[in-house]
Amino acid sequence: MIELPSRPDRRTLLVGLGAITAVWVVLGLVFPDSWAGVLLSIAANPSTHTTMLRLAVPIALAAIGGIFAEKSGVINIGIEGLLIVSAFSAIIVTFWLGSGESTLALSHHWWGFAVGVLVSTLFALLFAVVCIDFKADQIIAGLAVWLIALGLAPFVSRIVFDSPNTAGVGYFQNVTIPVLSEIPLLGYLLFDTPPQVYIMLAAAVAGWYLLNRTAFGRWVVASGENPKALDTAGVDVRRVRYTAVLLSGIFAGLGGAGFALGQLGTFAGGGETAIGGRGFIAIATYLFANYHPIGALLGSFLFAGLEAMQFQLQNLGYAVPTELIRTIPYATVIVVLVFVGKTRLPEAAGEAYDGDED
Amino acid sequence: MSEPGTATGGGAGPNEDLAVHLDGITKRFPGVVANDDVDLRVERGSVHALLGENGAGKTTLMNVLYGLYEPTEGRVLVDGEPRQFDRPRDAIDAGVGMIHQHFMLVDTMTVAENIALGNEPKKWGGLAVDRDRIEREIADLCDRYGFSVDPSATVGELSVGAQQRVEILKALYRGADVLILDEPTAVLTPQEVEDLYGVLEELTEQGKTIIFITHKLGEAMHSADAITVLRDGKSVGTVAPATTTREDLAELMVGREVLLEADSDPVETGGAILSASNVTVENDRGVEVVSGIDLEVRAGEILGIAGVDGNGQSELIEAITGLRTPDEGTVRFDGDDVTDWSRRRRIDGGMAHVPEDRHEQGLVMPFDLVENAVLGSQRSPRFAHGGRIDWAGVRDHAEDVIGTYDVRPPTADADAESFSGGNQQKFVVGRELERDPDLVVATHPTRGVDIGSTEFIHERLLDLRREGKAVLLVSSALDEVQSLSDRLAVIYEGEFVDVTDPDTITEEELGLLMAGERPSETTKSEASDLVEGGDR
């Protein structure tokens with residue numbers, strides 16, 4: 001029996017973060033010209049907050065989707081790939097429909113958005129067939145989804161645009177809710193924002209409700225913990241897992257397409273693509289949040305907030321090497337995972353269920 | 001409970017009072033006939049035991065009734081109506097519920113969520129689970145059948161006995177009138193077994209019908225109204241407990257006369273093979289659970305350790321076999337101080353170990369029996385030639401063990417997890433005892449094993465003793481330690497309360513010792529004579 005050094009728990013982590021934040025705020029207020037002061041003014045800047053919300057969209061939605069798949073017993077590390085295909089197809093469909101205002105009463109951005117979600121769902125379906133019916137190794141199948149997406153998006157882009165990057169298609173407009181957007185502090189944040197942010201906020205609440213308050217949610221949990229118990233209770237495990245994986249495709253698709261049309265406006269297919277590992281950060285986020293959809297939303301704010309501050313720093317012209325700054329989210333992931341390594345995976349996660357056995 | 005007749009005769013017309021009637025059930029698997037033309041007639045409101053050895057086809061038969069298997073031939077009648085169950089759901093809808101040996105519960109969910117799983121009452125047009133209604137219905141069921149469970153408790157935190165009641169409630173919640181229990185006592189403590197008998201009585205009084213699968217004679221005799229015996233997939237008779245004896249039943253089950261108690265003729269003992277002095281062990285949480293135990297096992301001797309589970313037996317055995325380092329004290333084996341020896345050195349030195357948990361420690365479940373047969377011998381010159389394993393030799397060895405220890409089905413190519421618990425146990429015991437050891441440390445060697453094979457394992461242990469080997473035996477089955485041991489140590493809270501002569505001590509005295517009662521002065525002096533016989 002190997003003794004592991006005991007790990008600080010979530011409470012310690014939160015207290016620690018709170019203490020660091022408090023020290024930072026005090027230092028920033030006392031020495032406004034120091035690094036602490038500059039960072040504090042950036043953190044307090046409303047535009048940092050709105051950027052944070054937009055950047056949280058792919059992370060939060062992919063994380064909520066990943067929760068459903070993993071809770072049902074199918075570890076979907078392909079959500080990075082789902083973000084890529086949905087973002088890319090949303091952009092290219094919007095581009096193909098052209099600069100006209102709308103087709104069949106729906107604006108071209110919304111058509112692109114819908115197709116993006118659909119494509120992501122189809123990829124998730126493919127992944128589900130391979131993992132659930134053909135009992136392939138979930139990790140390898142997930143990596144395959146990512147690698148296919150990583151190659152496919154720039155490939156199609158090269159055919160259409162002769163470049164790994166697509167042309168720009170413009171952005172979703174902000175949707176401003178009258179009256180509510182006048183609320184001090186929160187109004188501009190929550191009620192004067194592009195549609196994908198509303199979708200993200202609604203999805204977190206809906207995801208939580210679905211998982212914790214409906215019969216289907218209980219079946220998902222049972223399917224991931226003890227599929228045989230669910231089977232003998234007369235519920236089709238295969239169907240529950242298919243539905244859960246398709247849900248992960250839909251949520252990731254909402255995140256990828258929403259991010260593409262609401263934030264990027266174009267799709268850069270080179271290297272790690274414009275998604276740039278946000279799907280993997282989403283996985284760290286839901287583990288950090290212990291599979292709680294609303295926790296995952298809040299966790300995505302941590303990563304997105306750091307990224308938003310990095311953008312602001314660059315805007316202000318601080319000569320911080322971008323390569324270094326870009327490592328921040330990943331370094332944060334490692335730090336966070338060290339702290340929450342105790343997250344308990346569902347008992348049957350990663351295992352194909354064979355109902356025919358004995 | 002109702003008075004059943006001796007329901008042996010076949011060929012009668014449909015009987016209104018039969019809750020379940022299996023008529024000529026045959027179930028074939030590729031190469032195996034698991035059930036061969038089996039008839040089973042279960043009267044409403046009775047407890048019907050299905051008795052047989054491991055692999056006799058009891059569970060297969062019940063899986064047919066529960067819709068997990070489709071019978072190759074034959075009819076299933078419930079309440080006199082022929083039914084076809086394609087899946088468990090159909091059986092549940094017809095009022096048949098099954099409580100599996102390995103509980104079908106989700107440990108992380110609450111009692112209420114588990115009970116309602118798959119049958120959740122909805123509200124708000126299906127948008128939410130009506131949790132109040134689940135709790136109300138559970139409270140009603142508890143009232144009616146005299147159960148007490150907390151619906152909001154997490155299942156994983158309940159005792160095994162309480163989990164079993166949750167399983168029973170789950171079946172009742174689904175409206176089961178016939179309850180099938182697969183080896184319900186295998187995992188229970190004696191007190192929980194008594195409670196279960198009470199529950200079964202309450203259920204039959206309320207008109208429920210119980211079928212329970214067991215390989216334990218005593219249970220069938222004690223609690224059933226009728227007993228149907230299966231052997232090799234065939235029904236060999238249905239009897240009423242009142243009109244039969246244990247010996248007759250055992251013979252019916254095994255097909256030959258069985259010695260229910262092993263005979264141990266005296267053997268000349270030799271020098272000490274294993275000796276432990278002042279062994280003190282802490283458990284994983286750092287609590288001292290073995291406090292300064294001294295013991296000695298001589299060649300040609302079986303030392304039994306009796307005690308209620310959790311009094312330090314596991315940790316003591318782990319310290320002796322090298323799975324855990326003792327915090328104090330020394331362990332000597334064949335004259336060497338082996339306290340710091342690795343497992344490998346101890347195995348190579350001739351120490352065999354039948355571990356208490358075959359799943360966790362005895363077998364690698366997804367490995368087949370050939371691969372499992374080499375575990376522990378993967379470096380012995382018998383099977384390893386220059387870093388390469390001689391798989392053909394290992395296969396022969398595996399097949400020998402399977403044949404000798406009557407592992408069923410007799411195939412070395414199936415994964416360990418596909419065998420029933422009793423057959424897994426036979427394989428582990430066989431592998432360990434056929435290592436040609438000088439010392440066997442066996443914990444619960446016959447747990448879950450049928451009486452025919454139990455008899456064989458006991459014989460093998462006695463053979464080893466006759467050959468001048470030493471055996472350290474830990475068992476929670478009192479008759480087992482009592483009939484096999486030459487000396488019997490009773491452990492309580494990490495200390496030996498007494499070391500006694502198993503032939504003269506009564507079960508009542510043993511029970512008191514196991515509860516921590518110190519022996520009186522007179523018996524103590526007798527006991528200390530015995531200790532000196534071995535301990536010096």
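Predicted model: local features only at pLDDT ≥ 70, side-chain atom pairs only at ≥ 80, totals over all residues.
The model scores an ipTM of 0.83 and a pTM of 0.75. For chain B, the mean pLDDT is 85, and 92% of the residues reach 70 or more. Confidence in chain B is highest in helix 3 (residues 111-116), at a mean of 94, and lowest in helix 18 (residues 521-535), at 44. Over residues 521-536 of chain B, the pLDDT is below 50, and this stretch has 15 contacts in the model beyond near neighbours in sequence. Residues 1-14 of chain B likewise have a pLDDT that stays under 50; for this segment the model has 24 contacts beyond four places in sequence.

Chain A comprises 15 helices and four strands. Its radius of gyration is 21 Å, close to the 21 Å that the globule rule gives for 358 residues, so chain A is as compact as a globular protein of that length. Along the principal axes, the C-alpha atoms of chain A fill a box of roughly 70 × 60 × 40 Å. Of the 358 residues of chain A, 45% count as buried. Among the contacts in chain A between residues at least 6 apart in sequence, 77% join residues at least 24 apart.

The contact between the two chains takes 17 residues from chain A and 19 residues from chain B. On the side of chain B that touches chain A, helix 2 (88-93) and strand 8 (128-129) each supply at least two residues. Helix 2 of chain B gives the most to this side, with three residues. By class, the side of chain B that touches chain A has ten nonpolar, six charged and three polar residues.

For chain B, an unreviewed UniProt entry lists "domain: ABC transporter" at residues 20-257 and 274-518. In the model, the span 274-518 of chain B is 34% helix and 26% strand, and the C-alpha atoms at its ends lie 26 Å apart. Gly310(B) is found in the loop between strand 15 (301-306) and helix 9 (313-321) of chain B. With 11 other C-beta atoms within 10 Å, Gly310(B) is exposed, because a residue counts as exposed when 12 or fewer such atoms lie within that distance. The C-alpha atoms of Gly310(B) and Asp23(B) are separated by 46 Å, and these two residues are 287 residues apart along the chain.

Terms used: Residues numbered from 1 in each chain as written. Chains lettered and ligands numbered in written order. UniProt positions renumbered as here; feature names shortened; annotations may be inferred. pLDDT = per-residue confidence, 0-100. Contact = placed C-beta atoms within 7 Å. Rg over C-alpha atoms; globule rule 2.2 N^0.38 Å. Buried ≥ 20, exposed ≤ 12 C-beta atoms within 10 Å, placed from the backbone. Nonpolar A, V, L, I, M, F, W, Y, C, P; charged D, E, K, R; others polar.
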